Amino acid sequence: MKTFSKLMALALAGSFAVAAPLAAMAQVTAKFAVTLPEKSHQGQGVAKFIELVDAKSGGKIKIKGFYAGALGNDVQVTSALQGGTIEFTVPQTTTLTGMVKEYEILDFPFLFSNVQEAEKVLDGPVGDKLLAMLPAKGLVGLAYWENGFFNATNSKHPINKVEDFEGLKFRAVQAKISQETVKALGANPVPLAVPELYTALETRTVDGQGTPTAVIAALKLNEVQKYLSLTRHSYGAFIPLVSKKFWDKLSAGDQKILKDSAIEARAFQRGVARDQEKSAQAAMAAKGLIVNDVTDAERARMREKVQPVWKMFAPSVGEGLYKEVTDQLAK
């Protein structure tokens, strides 16, 4: 009887030893909501991230991408992440300003002169400090990707100087700082989500908008706009986000896979963004979009015109953070 009991105990111990690894290997499935089309720089970054996660997890973590706003706009899907009904999204950082005021610093118009400055700030202590504020809001930020420098399009006339913004009905992102920037430049802001933009431009509900050149091409806005002016008035960063409710259920190893994959995909995604900026401009010009550059002197005048926006939002982002960013850029 004792021998039988020992055998049973060993058998039970063995079954539990086998069950534990099997449980640990249970497949994880998740949805990734993407605003832009799959071939966009955003979409390609997400596809690369999904590919890396699949490889690094040995197929354990399966993520499915839903592109072109299939699951909703940035505000809607970010809220769904907080609620835990969607696991991933990659909005522009502007989407977060309603819940984390400090993110407004990245939307200061004419803050960055080039991509090198943007990378220094985003991939350094400032970027890390901002990421650390997200878990309290039900979100986990993995890295910063590139949307690119914003350029202005419209259906009325080229924008060569700041006065050319006067009177234009100009689309603004659904964030106060974007709307105040449009006002400061002399245009009339019309807040719109990305999925509504094409129709609004086509029906002349708005005259113009500002987005990176690659996004203009991805959304085919050149079909409903006549002029592209290279104002480079703002720099947009994407931020791959994870629902904290989903994140907290993962092992530390799986969390590391997601973080590492987002950082590894970053260089690829930024490269795609910069390549698409050049190719998109040439392709749209070939189809009849009238492109004009803005001189450095006129861009400086535009930057001066929006300084009241800097003063307006510096207190809400915090004087300490404002000084940290401006000091780093001054170097």
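**Cavities, pocket and rings**

A: Strand 8 gives the most to the lining of the largest cavity, with three residues. The model is predicted, so that local features need pLDDT of at least 70 and side-chain atom pairs count only at pLDDT 80 or more, whereas totals for chains, interfaces and linings use all residues. Residues are numbered from 1 along each chain as its sequence is written, and side-chain values use heavy atoms, with hydrogens and water left out.

Q: How many cavities of 30 Å³ or more does a search of the whole structure find?

A: On a 1 Å grid over the protein atoms alone, a cavity is a set of points where a 1.4 Å probe fits but cannot get out, a pocket is an open set with protein on both sides within 12 Å along at least five of seven lines, and lining residues have an atom within 4 Å of a point. Points are joined across faces, edges and corners, and a volume is the space filled by probe spheres set on them. Here the search finds three cavities of 30 Å³ or more, and the largest cavity holds about 290 Å³ of space. Among the 24 residues lining the largest cavity, Asp74, Gln92, Arg171, Val173 and Val194 are the closest to its centre. Helix 3 (74-83), strand 5 (145-154), helix 7 (194-202) and strand 8 (208-212) each supply at least two residues of that lining; helices (H or I, at least four residues) and strands (E, at least two) are DSSP runs, numbered from the N terminus.

Q: Which element gives the most to the lining of the second largest cavity?

A: Helix 6 does, with five residues. The second largest cavity has a volume of about 240 Å³, and of its 18 lining residues Phe150, Val173, Ser178, His233 and Ser234 lie nearest the centre.

Q: What is the volume of the largest pocket?

A: The largest pocket has a volume of about 270 Å³, and of its 15 lining residues Ala217, Ala218, Lys220, Asn222 and Lys287 are the closest to the centre. Helix 8 (213-218) and helix 10 (252-286) are the elements that give two or more residues to this lining, and helix 10 gives the most, with five residues.

Q: How many aromatic pairs are there, and how is each one classed?

A: A pair of aromatic rings is described by the distance of the centres and the angle of the planes. Rings of Phe, Tyr and Trp (its six-membered ring) pair if their centres lie within 6.5 Å, and planes under 30 degrees apart count as stacked, over 60 as edge-to-face and the rest as tilted. The whole structure contains 10 aromatic pairs. One of them, Phe108 with Tyr322, is tilted, at 6.0 Å centre to centre and 45 degrees between the planes. Because Phe108 lies in the loop between strand 3 (88-89) and helix 4 (115-122) and Tyr322 in helix 13 (residues 319-330), the pair ties together parts that are 214 residues apart in sequence. The rings of Phe112 and Tyr235 have centres 5.8 Å apart and planes at 90 degrees, so this pair is edge-to-face. Phe112 is in the loop between strand 3 and helix 4 and Tyr235 in strand 9 (residues 227-238), so that the pair links distant parts of the chain, 123 residues apart.

Q: Are Phe112 and Tyr235 buried or exposed?

A: Buried means under 20% relative accessible area, exposed over 50%, and partly exposed in between (1.4 Å probe, protein chains only). Phe112 counts as buried at 5% relative accessibility, and Tyr235 counts as buried at 4%.
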